[in-house]
Amino acid sequence: MGPLARLPLHPLLLAAYAVLFVYAVNISEVLPADAWPALAVALGGGAVTLAVCALLYRDARRGALTASALILAFAFFGHVGSELDEEVVTQPVQLLAWAGVVALVAVAAWRMRGSRLANVTAALNAFGLVLVLISLVTIVPAELTRATRASQGEPASDDVIAEATRQPERDIYFLVFDRYGSDWSIAERFGIENDLAADLEDAGFAVVPGARANYRATDFSLAAMLNMDTLDDLTETIGPASDDRTPAREKLGDHEVGRFLRANGYRYYHLGAWYGPTRTNPIADEVLVWGKTTELEQVLRDATALPALERLIGAAEDDDFRNRHREEALFEFRQLERLADTPGRKFVFAHILLPHPPYGWDAEGDIVTKAEEQAAMEAGHEGELFAEQLAFTNERIRQLVDTLLDRPPEEQPIIVITGDEGPMLCGHVDCIDGSAETYGIRYGTLRAYHLPELDVEVPADDSGFNIFRLLFREYFGADLPELPNRSWDWPDNDHLYDFRDITEELPLPGG
């Protein structure tokens, strides 16, 4: 009898495959650091399930059969459900069907003995091993390519983009509000007149009415702003025909802005949310994140039977993702207010996923449920949802600005408030058609600067590359000349780095 027939490893292999499958399918979106904790949890859960079933049956191999059935039913519930017609096979029906499968396997395991048990164990071990190997065939080459690329292009840790000739005594806040468009893009997309700009100007901000995104995606846009340059080098190193976003996202880790400020005595506080690429940062001195669940783990959780079980017993008024979306935003606002009184020079980066959907708040801060949002969307009232969430976001921004500036003028911080991109055009789908109007909506962004003791004029077509070039040049005396303000697009997500300059196709600054 061979080892495949003696050792019941298939529950562990299936538990590992549940994570590796999602990892492999999303290989261009996920890094190993995201996957290893989830893999450890899956293997731990599989081991506990196997141990409990083995004790119940007083036999590891028979217990493993039921353990594998339980793991399959739990971990792959969502994957199977996504292929079914929910009007025919509802989630309660699917739960009942899986329960029936597990019960049949449990009875069969109880009766199984001898050579038949050995043959089934060997077959399931081989099946689980094949599944894991299929995933690794995708994962390993991709990770080896990334490792090679990193070893060839990794910058020295003490390398900074420019030398400072003076040291300001002001904190720096870089506050990114996701999909917060310019006044013009919001008016064109939703028919809403935004009222934040006047309040920011009254607080001493320079508001750029014609500000634009440099790229129309969060990871690309923020990578360009935090490295103070275009992403043209990725066209050369990765090639134009690639769907791998991780090279751009790696630039969000070891970025020029963070290295420059840390080299000049600033403590770097990083506030992340559920969006994986900005959730944490390896060069930050302190990472502040609500909870401990990564974006990948949320995808994995949604694939299990747990959400369906919670809905069945009425455990949650709203779904977990929407609750998390709300809680993380509130957490970031609280942390920003707390950091305002934290001693020492600091650079604070916060990526706040507002007014980005889901639309979870009304203007007064009351919860909008998923059912309410869906009903409004189906009735064609997305503009009303956006207006309510925008009003809530604006009020929190006003309160935060008041807190940050509530100190003597010589102690007031440098603050950049910006969007990363404009609003989507078709609900949650990016459906620009190449016209000046749709480009203007997607690329128009909020941008406002609080620059104490600095008398400079920000260009009306500011596209984000020069945000920190300006700050480092004027406050630190660094030799960082201004770059042309340009914006780029790409043809599709299979050609991410095939950049095309669309600056001349955008509407004039301000619309």
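Helices here are DSSP runs of H or I at least four residues long, numbered from the N terminus. In this predicted model, helix α4 spans residues 60-75, and Thr66 is found in it. Thr66 is buried, because its relative accessible area is 7% and the cut-off for buried is under 20%.

So who does Thr66 touch, leaving aside neighbours within four places in sequence? The list is Cys53, Tyr57, Val105, Ala106 and Ala109. With Tyr57 there's also a polar contact, side chain to side chain, at 2.8 Å.

## Rings around Phe220

Aromatic pairs turn up 29 times across the whole structure. Take Tyr215 and Phe220: their ring centres are 6.2 Å apart and the planes meet at 80°, so this one is edge-to-face. Both Tyr215 and Phe220 are buried.

Phe220 also pairs with Tyr497, with centres 5.6 Å apart and planes at 15°, so that pair is stacked. It links distant parts of the chain: Phe220 belongs to helix α10 (residues 218-227), while Tyr497 lies in the loop between β8 (488-489) and β9 (500-501), 277 residues apart. Tyr497 is buried, as is Phe220.

## An aromatic cluster

Which residues form one aromatic cluster? Six are phenylalanines or tyrosines you can pick out by eye, including Phe174, Phe260, Tyr266, Tyr268, Phe347 and Phe349.

Key
Residues numbered from 1 in each chain as written. Predicted model: local features only at pLDDT ≥ 70, side-chain atom pairs only at ≥ 80, totals over all residues. Heavy atoms only, no water. Helix = DSSP H or I, 4+ residues; strand = E, 2+ residues; numbered from the N terminus. Buried < 20%, exposed > 50% of the residue type's maximum accessible area, 1.4 Å probe, protein only. Polar contact = N/O pair within 3.5 Å; in protein donor to acceptor, adjacent residues only side chain to side chain. Contact = heavy atoms within 4.5 Å. Phe/Tyr/Trp six-rings, centres within 6.5 Å; stacked < 30°, edge-to-face > 60°.
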